[in-house]
Amino acid sequence: MNNRDIAKKISEVYPLNWSELQNVLNKLFINRLEKNLINICFLSGLLQGDTDDEEILLEEFGLTMDAANWCSNFLYEFSKVMNSQERVNTVKENISLVGLEDGNILPKSIVIRVEDAEEELKIKDINCTVSFKESYDKEIGRINISGEIKHGYGKNRLLFLIAYNDKNEVIDWKAETKLSDKEGTEIFNSEMSFPIDEKLLGIYIRPALNPLGS
């Protein structure tokens, strides 16, 4: 991704906090160095507009000139996006299940992948769909998460699904899918439920080592 595309994605959750920024960065196909430099832009206050003194990158954060120049270019693109008509809505919307019908598909943006964990555990790709499931109990909201995961060789791996509400609280989680040790593609299908008036902030899909062993 180029800096303008990265800037567009980050602008969608502005005003920023650390948690929101990490959510966005974990979903982007950018390398670790770029993530670290963007985090430094945040920690320095440059990304939020708290300061415009880019010398802080060299003097206080000890960046090389090349790294500081990358940050400068990124901040320039971010500023252009923030001041353009492309930034239609700066408020991240949480998803309400109230009023949905059985089978309604939730936006793909609700799914949050954890790139570092995927790389460490040799996960090649994850594709999934999140849909609403009607419940006999009208006070309960149910969702189905189904898809496939492509992975390389590895041992003792689980796929964790963690749902967060708009207060960043865990409202349900599942760890039902144990991945094969062999390279291949597997199907996963899990269901979550929680009070229907909860608003979904995101569903983390995170591979991890099985804490109970094989």
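User: What does contact mean here?

Analyst: Contact means that heavy atoms lie within 4.5 Å. The structure discussed here is a predicted model.

User: Which residues does I6 touch, then?

Analyst: Leaving aside residues up to four places away in sequence, I6 touches M1, L28, I30, I38 and F74.

User: Where does I6 lie, and is it buried or exposed?

Analyst: I6 lies in helix α1, which covers residues 3-11. The relative accessible area of I6 is 0%, and buried means under 20%, so I6 counts as buried.

User: How far apart are I6 and I30?

Analyst: In sequence, I6 and I30 are 24 residues apart. In space, the C-alpha to C-alpha distance between I6 and I30 is 8.6 Å.

User: Let us change topic to the rings. How many aromatic pairs are there?

Analyst: The count comes to five aromatic pairs. One of them is formed by W70 and F74, with 5.7 Å centre to centre and 10° between the planes. That pair is stacked.

User: Why are W70 and F74 separated by about one helical turn?

Analyst: W70 and F74 are four residues apart in helix α5 (residues 65-82), so about one helical turn separates them. Both residues are buried.

User: Which residues are linked into a cluster by ring pairs?

Analyst: Ring pairs link W70, F74 and F78 into a cluster.

User: What about F160 and W173?

Analyst: The ring centres of F160 and W173 are 6.3 Å apart and the planes meet at 20°; planes under 30 degrees apart count as stacked, so this pair is stacked. The pair links distant parts of the chain, with F160 in strand β5 and W173 in strand β6 (residues 170-178), 13 residues apart. F160 has a relative accessible area of 16% and is therefore buried.

User: Now the strands. How many residues of β8 are buried?

Analyst: Strand β8 spans residues 199-209, and eight of its 11 residues are buried. The strand is mostly covered.

User: How many bridges does β8 have with β5, and in which sense do they pair?

Analyst: Strand β5 (residues 157-165) pairs with β8 over nine bridges, in the antiparallel sense. Within this pairing, I162 has Y204 as its bridge partner in β8.

User: How does β2 run relative to β8, parallel or antiparallel?

Analyst: Strand β2 (residues 111-113) and β8 run parallel and are joined by three bridges. I112 stands opposite Y204 in β8.

User: And β1?

Analyst: Strand β1 (residues 95-96) is joined to β8 by two bridges, and these strands run antiparallel. I95 stands opposite L200 in β8.

Definitions and conventions. Residues are numbered from 1 along each chain as its sequence is written. This is a predicted model: local features need pLDDT of at least 70, side-chain atom pairs count only at pLDDT 80 or more; totals for chains, interfaces and linings use all residues. Side-chain values use heavy atoms; hydrogens and water are left out. Buried means under 20% relative accessible area, exposed over 50%, partly exposed in between (1.4 Å probe, protein chains only). Two strands pair if DSSP finds at least two bridges between them. Rings of Phe, Tyr and Trp (its six-membered ring) pair if their centres lie within 6.5 Å; planes under 30 degrees apart count as stacked, over 60 as edge-to-face and the rest as tilted.
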